[in-house]
Amino acid sequence: MQDQGLIKILVVDDRPDNLLSIESILERESYTIIKASSGRAALKILLKEFDFSLILMDVQMPEMNGFETAALIYQRDKLKEIPIIFITAHSHEEEAIFKGYRVGAVDFIYKPINPELLRIKVGLFVELYRKTQSLIAQEQKLLLANASLQREIVEREASEIRVRELNQQLLQNNIHLKAVNEELDRFAYIASHDLQEPLRKIRVFSDMILQKKSGEGEVDRYVQKITNATIRMQQLVSDLLRFSRHSIQGGDFMQCDLNELVKEALTELEIKIQQTNARIQIETLPSLQVIPTLMRQVFYNLISNALKFRKKEVPPEVHIYAEMVTAPDHQYMSERDNGRYYKIFVTDNGIGFESQYVEDIFVVFKRLHSYHEIEGTGIGLSICKKIMEQHNGFITATSEIDNGATFIIGIPEKQLLPMNLSIT
């Protein structure tokens with residue numbers, strides 16, 4: 001893995017004070033910062049250097065704006081893999097945001113720049129860059145090892161047994177590389193999806209505070225929601241780093257009351273529940289060994305979907321309840337030594353979907369409705385599936401058109417952990 005000092009970041013802005021500000025914010029991370037005062041200056045630098053981990057690009061620049069510069073950068077094959085984060089003061093122009101993503105942007109940062117948010121976002125892409133470089137290095141090492149072994153076989157006229165052993169070794173290495181690549185994919189889409197949700201809340205409640213002319217109690221409530229959203233974003237970043245480092249182990253599991261996790265998810269959705277006049281019914285849920293932040297995300301996504309896919313003329317109703325299963329009736333759970341587990345049901349009275357799509361809805365980016373009909377990214381349920389796999393459980397659903405949907409998650413009564421780990 002590359003040393004952190006070798007991480008190069010290109011910062012493009014026509015204002016020297018902005019360049020100095022960004023350099024100061026990132027100074028303590030020991031990145032190598034290369035500055036360009038215009039789009040043309042950036043292109044000149046990229047003609048000679050292309051080993052940048054990230055580009056921070058101002059949108060509004062004279063002569064050549066950020067979008068035009070990005071389009072020219074991505075015309076070169078050597079530069080196509082460098083992620084670009086646009087920096088803009090226009091946070092509400094959907095057309096401009098769409099244009100940015102169309103030319104290849106991976107994210108936006110809005111002025112005035114929040115230093116901690118900038119460090120977090122840059123840190124995430126630097127981490128992804130390092131893992132990509134590590135994967136490339138492993139692949140090169142594997143190719144060199146393969147070439148060396150092939151020469152050895154030719155020179156020594158290796159036996160058929162030796163050839164089979166070599167093939168088995170290569171197969172195992174390929175499986176490992178595939179697993180590492182899947183973890184990188186998981187890291188990328190969780191970062192792009194779940195980090196946006198608390199950031200949206202920070203922006204929404206900040207706008208409410210700015211518009212509020214009376215009632216300090218209401219202002220205090222909005223400030224508290226901003227604080228909660230910020231804390232949740234920090235928790236998400238921590239979980240994402242554990243995902244990317246393959247380090248979610250038994251120590252991350254805690255004995256948790258699922259009722260409390262559902263209540264926390266409902267608090268996050270309070271405004272949406274009020275806007276839709278939703279009725280939420282929760283029966284007593286068990287206390288199980290789970291990873292709290294991840295399981296809270298499952299409940300948040302499922303309840304949020306129930307509100308999103310509601311019927312226009314009927315207030316949404318959500319019913320959450322549980323039942324213990326002692327004789328496994330699900331294929332995955334029946335393979336475990338401990339067959340006892342809980343099914344948690346989340347039912348709604350929404351628009352539903354055709355049963356033939358029950359597997360498709362858990363595929364990342366798979367959508368049954370166009371973005372113009374119902375807003376969303378098609379990522380939430382795939383994240384739920386990944387989290388349930390992390391819990392040695394499962395998630396499935398049943399539904400009919402115009403007759404609501406029921407999502408079912410299965411969680412083992414006891415997690416099977418190594419002997420030297422304990423549940424706290």
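## Strands that pair

Two strands count as a pair if DSSP finds at least two bridges between them. With that idea in hand, let's explore this predicted model. Strand β7 and strand β9 (residues 317–325) are joined by 4 bridges and run parallel. Within this pair, I280 sits opposite V318 of β9.

## A sheet of five strands

β7 and β9 belong to an open sheet of 5 strands, and the order across this sheet is β7-β9-β10-β12-β11, with mixed pairing. Which strands stand at the edges? They are β7 (279–282) and β11 (394–399); each has a single partner strand, so one side of each has no neighbour in the sheet. On average, neighbouring strands here are turned by 20 degrees against each other, direction ignored.

A helix joins the picture too: α11 (residues 292–308) packs on the sheet and touches β9, β10 (341–348), β11 and β12 (405–412). The direction of α11 makes about 170 degrees with that of β12.

Now let's turn to strand β1 (residues 8–12). Is β1 largely enclosed or left open by the rest of the structure? Of its 5 residues, 5 are buried, so β1 is largely enclosed. Both of its faces are covered, with K8, L10 and V12 buried on one side and I9 and V11 buried on the other.

β1 pairs with strand β2 (residues 32–36) in the parallel sense over 5 bridges, and 4 bridges join β1 to strand β3 (residues 54–58), also running parallel. I9 takes part in both pairings: its bridge partner is I33 in β2 and L54 in β3. Together, β1, helix α1 (residues 16–26) and β2 form a right-handed β-α-β unit.

Methods. Residues are numbered from 1 along each chain as its sequence is written. This is a predicted model: local features need pLDDT of at least 70, side-chain atom pairs count only at pLDDT 80 or more; totals for chains, interfaces and linings use all residues. Side-chain values use heavy atoms; hydrogens and water are left out. Helices (H or I, at least four residues) and strands (E, at least two) are DSSP runs, numbered from the N terminus. Axes are lines fitted to C-alpha atoms, for helices over the stretch in contact, and angles run from 0 to 180 degrees between N-to-C directions. Contact means heavy atoms within 4.5 Å. Buried means under 20% relative accessible area, exposed over 50%, partly exposed in between (1.4 Å probe, protein chains only). A crossover is right-handed if, with the strands pointing away from the viewer, the path from the first strand over the helix to the second runs clockwise.
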